[in-house]
Amino acid sequence: MYDDEVVIIGAGICGLATALALHKKGIKSVVMERSETLRNGSGTAVGIRPNGWRALDQLGVAEILRHTAIPFQSLFDIFFLDYQHSFIDCLLRYHNAGEARCLRRKDVIDALYAALPPSMVKFGCQLESIKLDPDTRKPVLRFIDGTSIIPKAIIGCDGSKSIVADFLNLKPTKMFPICAVRGLTNYPNGHSFGHEFTSFKKDDTLVGRVPVDNNMIYWFCTTPDIPKDERLWKNPEAVRQYTLKLLTTHPQEIQQMAEKADLNSVSITHLRYRAQWDLLMGTFSSGTVTVAGDAMHVMGPFLGQGASAALEDAVVLARNMGQMGLTRVEIGKALDRFVRERKMRVARLSLQAYLTGMMLGGSSRVEKVMWFVLLSVLFPNPKSHMDYDCGDL
Ligand SMILES: Cc1cc2nc3c(=O)[nH]c(=O)nc-3n(C[C@H](O)[C@H](O)[C@H](O)COP(=O)(O)OP(=O)(O)OC[C@H]3O[C@@H](n4cnc5c(N)ncnc54)[C@H](O)[C@@H]3O)c2cc1C
C-alpha cells in the first residue's frame, strides 16, 4: 500500500520531526509506529538547549512549545553533598548558556504530531525485518502483521534498539554501567526551587532537578546500582520505592520529590550509548536506507542533548533530500550527504556526553579529576555544543 513512498520507522521525536521537515520541503512520507497510539502517555521531559530551539524554529513549532515550559537559568550546577563547594563543584558550574527549557516529552510529541497533515502516521505497524529483494536488490520492509512494503526510501527513527541500524550492520549499542530513574512531580501550590537546573551527588547517586514550569519539576536519579529483579523495571511503584531507598541520605526535599512523583511518569532505563569509534566508522546509510535520532547516535543523557540532536537530524536530512531529486540514486546521494554532515557533530556530542557521564560516575576523586582534565582538554568550551546551528531547512 505504501510502496514507493518515503517510509519513516518510529513516531518518536525524531520520526515525527523528520516527517514534518520532509513535509515542509514538499516531500511526502509515511510514519510507521509499532504502538497502537501516539506514545505521549508515558515519559517525562526532555531538555532543549539553544541548538534544539534553532531546529524547532526551523520546524515551525518553537513558539507553541515556548509556552509550555519556563526557561531555566543555570545549566549545570553540581553540589557534592559530601564536600560542598569543592574543587570539582566550582569547576563544573556554568551559567547563562542561552535559551534552555525542559519540555514535557508529551508536549513535544503532541506539537510535532499536530503540525503534520492528518493520517501521516500509521499506528500498530511494527517492523519485523528488512531484507533485500533477491531479484531487484531493493530493501523490503516486513511488518509483524505479515504485510510487506518496498519503499522509495527508509529512514529508521526506531530508537536505540533499531532494526534499521541492524540492517545497516551497525555495531550493537553499548550499556553504561549506570541506570537512570526519571519522573515528574507536581507541586499544586508551586515549588520553591527557582528557575535552575541543579544536581546533587552523594556517594554514587546523582540527582538532577529541573523546573518545567512553576508547578512541575522534572527529576532524574542515576546510579550504578542496577536492579536485577526484572519485575521492578515494569512497575512504577516498585521503581519509586527503589529510588527512595537510594535517596535515604539525601535531603528531605529530594526524597519528597520522588515520593510525590506522578506514577505515570516514573520509569527506569539502563542507559545506552553508541561508541564514538562506531559513530565515526559506522556506515549509516546504504542506498536508500538510513537512520536518525537514537537509532543513529543514542548517547548518555549527561548533556541533555538526545532530543535536540534528533531534531537537528530531521532538519539536516530533509534539507539534503530537498536539494536533490527523488529518484533512488538521488535519494542515495542525499542520504550520504546527510550522514557526512552529521557524523562529526554527533561523534563529538556523544564523546562529550560520555566523558561527562564518566566524570559524574567516577568512584574516586582522582578518577573524577582525570575525566575532568580530559574533558577540559578536548572540550575547552563546554558550552560550545549548544552554539551549533543545524542551518535552514
Ligand atoms: C515512551 C518513551 C519515553 C521516553 N521518555 C524519556 C524521558 O522521560 N526523558 C528523556 O530524556 N528521554 C525519554 N525518551 C527518549 C527520548 O525521547 C529520545 O532519546 C529522543 O527524543 C530521541 O528520540 P527518537 O525519536 O530517536 O527515539 P525514541 O524516542 O526511542 O522513539 C522511537 C520510536 O520508534 C518506535 N519503534 C521502535 N521500534 C519499532 C519498530 N520495530 N517498528 C515500528 N516502530 C518502532 C518506538 O515505539 C518509538 O515511538 C523516551 C522515549 C520513549 C519511546
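Mentor: One definition to begin with: helices (H or I, at least four residues) and strands (E, at least two) are DSSP runs, numbered from the N terminus. This is a predicted model, where local features need pLDDT of at least 70, side-chain atom pairs count only at pLDDT 80 or more, and totals for chains, interfaces and linings use all residues. Residues are numbered from 1 along each chain as its sequence is written, and side-chain values use heavy atoms, with hydrogens and water left out.

Trainee: Okay, where is Glu230?
Mentor: Glu230 sits in helix α7, which covers residues 230-233.

Trainee: And is Glu230 buried or exposed?
Mentor: Glu230 is exposed, because its relative accessibility is 66%. Buried means under 20% relative accessible area, exposed over 50%, and partly exposed in between (1.4 Å probe, protein chains only).

Trainee: Switching topic, how many residues of α12 are buried?
Mentor: In α12, 15 of the 18 residues are buried, so the helix is mostly covered.

Trainee: What about the span of α12?
Mentor: Helix α12 (residues 306-323) reaches 26 Å from its first C-alpha to its last, close to the 26 Å expected at 1.5 Å a residue. That expected span is 1.5 Å times one less than the number of residues.
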